[in-house]
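Q: I'd like to learn how to read a model like this one, feature by feature. Can you walk me through it?

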Amino acid sequence: MKGADTGRRIEVEVEPSQLRERLRRALEEGYDHFIGINVVDYPRAGVMEVYYFVESVQRGGELLVVKLRVPRENPALDSVSDIYPLAEYQEIEGHEFFGLDFRGNGSLRKWILDENWEGPPPLRKDVDTRKFVLETYYGGQRYERPKQEKSLQEVVE
Amino acid sequence: MRKLQVFLGPQHPGAPGNVAFLLTLDGERILDVDLIPGFLHRGFEKMMEYRRWDMDLVMSARICVEDPDHVELSYTHAMDQIFGVDPPERAKYARTIVAEFSRLASHLLWMMHFAGPVAARYATSWAIAAREEVLKWFDYVAGHRIYHHYIYPGGVRWNLPKDLKERTLQVLDRVEGLVRDMERGFFLHPVFQRRARDVGRLKASDAVRLGATGPVLRGSGVAHDIRKALKYDAYGMVDFEIPKGEYGDAYDRAMVRLREMYVSIGIIRQAVQQIPEEGPYRWRLPMALPPGEGVGRVESARGEFMTHIVSTTEKPGGRPLEPYRIKFRGPTMAHLTTVLKHIVHNEEITVADFPVVVGSLDPCPPDIDR
């Protein structure tokens, strides 16, 4: 048991190869309610941490966090969308924003970023989205407001 | 059979806001539905990594316009854990009161959105009239009508006014009168019953499996509520029931929300009686953000809202003020993807019924793509 207040949770750390087995066991233990996936990128250490949040309705909202690390160079892990249906969409999110590859999820594609972003996965820490957007979409120019020649009083008059 | 693909939304009266749906039709019947999210592209989460933690609080409210205080509350819970503070007693009650008023305002706005597509246009203005009373109360307590920024890490931002009890009870009496009128005039009206009964059924086991939360889960008969389960803030000190439905159809979900409005009114009435008259309302926190991790889970008007904040010693901006990563989990993504697909695949939903089904799920589109 870790954390305080509404953040009380059971946290387990697993190897990427044990993920499916651990979550399948969690489902049997009564953690039937999938909450979400969070990814945290650490470019200096060269890893990404992936958190799976699962809750148990029968045990009064107890929260289980399964945490694992994948290398940043080859961020591939197994899909759990057949165990928890909602994970399918959360995995698409991890794919398009962090470039993770979930093996076995057939619907990995651009979904939220569809037709609006051609570039590196934007939520990675070493991607400077502001710089990228200025260079790619604004031709390197910052959008500036035109300088006001007259004061508001003069315009009214 | 000739299949037809049709876009519904975002510029459509039956669509809930800045999302669109790609419907696959066979005549009138919907065979499949795909959600096309809006244009926020997780910009909130990225922007927050460049900003101070107190500025992030102001941004967090923008994630769900209709129910901003619950997003702030979950952010605040996560921040409280990182700073290692337990808010003062008075602030806990104040947070509970503000959060329940936010739920009330959100449910009334939902009724406005929902009554339109079921052709009860008289009910929309009724709901907005009742919501106006709640917004005036927010203006009186927090100084703002829509986004309040009142809940703050360490407590609440301002002290509560002196005449809080009398004024709040007056507002509640007025709102309750209007909700009772709406119950007779809209919720129990036979036309509405016929329109929403047996539409969009969701079984209890499916609701849990597909990740539904809030009134959608409770409408299917699962009495699960984070307020009751975790007893955060002052919810352990007040007495309230969890309304739940029976069949899990659109009508049950609507009735759960109606009964939740009464429950919210009851919680606020108890809280204003019990709130300590004196005492601090906020602990002052240092500006520098310590390293740590926080998870804030609250029961928002639409379901479970979670904020996960990771703060490390590694600060890209060089200042110890920005959190390293913030992740929000909103209830709407599950409702409009897995739940909606399940309903459409297992039931004969026509285009005319679609706004009723979507409306009964009470979506808040910005929390899909925030």
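Predicted model: local features only at pLDDT ≥ 70, side-chain atom pairs only at ≥ 80, totals over all residues.

Q: Which residues meet where helix 6 of chain B packs on helix 11 of chain B?
A: On the helix 6 side of chain B, look for B:Leu164, B:Leu172, B:Val175 and B:Phe187, among others. The helix 11 side of chain B includes B:Met255, B:Leu258, B:Ile265 and B:Val272. By class, this contact has 13 nonpolar residues, one polar and four charged.

Q: Helix 6 of chain B also packs with helix 5 of chain B. What are the angle and the axis separation there?
A: Helix 5 (residues 121–142) and helix 6 (residues 164–187) of chain B pack at about 165°, with 10 Å between their axes. So helix 5 and helix 6 of chain B are roughly antiparallel to each other, and the crossing is left-handed. Helix 5 of chain B brings residues including B:Trp126, B:Ala130, B:Val134 and B:Trp137, while helix 6 of chain B brings, among them, B:Val171, B:Leu178, B:Met182 and B:Phe186. The contact of helix 5 with helix 6 of chain B divides into 14 nonpolar, two polar and four charged residues.

Q: How do the axes of helix 4 and helix 5 of chain B cross?
A: The axes of helix 4 (residues 89–115) and helix 5 of chain B come within 8 Å and cross at roughly 160°. That makes helix 4 of chain B roughly antiparallel to helix 5 of chain B, and their crossing is left-handed. By class, the contact of helix 4 with helix 5 of chain B has 16 nonpolar residues, one polar and two charged.

Q: Which residues of helix 2 of chain B are buried?
A: A residue counts as buried if 20 or more other C-beta atoms lie within 10 Å of its own. In helix 2 (residues 53–60) of chain B, the buried residues are B:Trp53, B:Asp56, B:Leu57 and B:Ser60. They cover an arc of only 105° around the axis, so they sit on the same side of helix 2 of chain B. These buried residues pack against helix 1, helix 3, strand 4 (151–152) and strand 8 of chain B.

Q: Where are B:His149 and B:Asp233, and is each one buried or partly exposed?
A: B:His149 is in the loop between helix 5 and strand 4 of chain B, and it counts as partly exposed because it has 18 C-beta neighbours inside 10 Å. B:Asp233 is in the loop between helix 10 and helix 11 (250–274) of chain B, and it's buried, with 27 other C-beta atoms within 10 Å.

Q: Let's finish with the chain contact. How many residues does each chain give?
A: Chain B gives 39 residues and chain A gives 32. Elements that give two or more residues on the chain B side include helix 3 (68–83), strand 7 (304–311) and helix 12 (332–346) of chain B. Strand 6 of chain B gives the most to that side, with five residues. By class, the chain B side that touches chain A divides into 17 nonpolar, ten polar and twelve charged residues.

Technical notes: Residues numbered from 1 in each chain as written. Chains lettered and ligands numbered in written order. Contact = placed C-beta atoms within 7 Å. Helix = DSSP H or I, 4+ residues; strand = E, 2+ residues; numbered from the N terminus. Nonpolar A, V, L, I, M, F, W, Y, C, P; charged D, E, K, R; others polar. Axes fitted to C-alpha atoms, helices over the stretch in contact; angles between N-to-C directions. Parallel < 35°, antiparallel > 145°, perpendicular 65-115°, else oblique. Left-handed = near helix turned anticlockwise from the far one by under 90°. Buried ≥ 20, exposed ≤ 12 C-beta atoms within 10 Å, placed from the backbone. Arc of directions from axis to C-beta.
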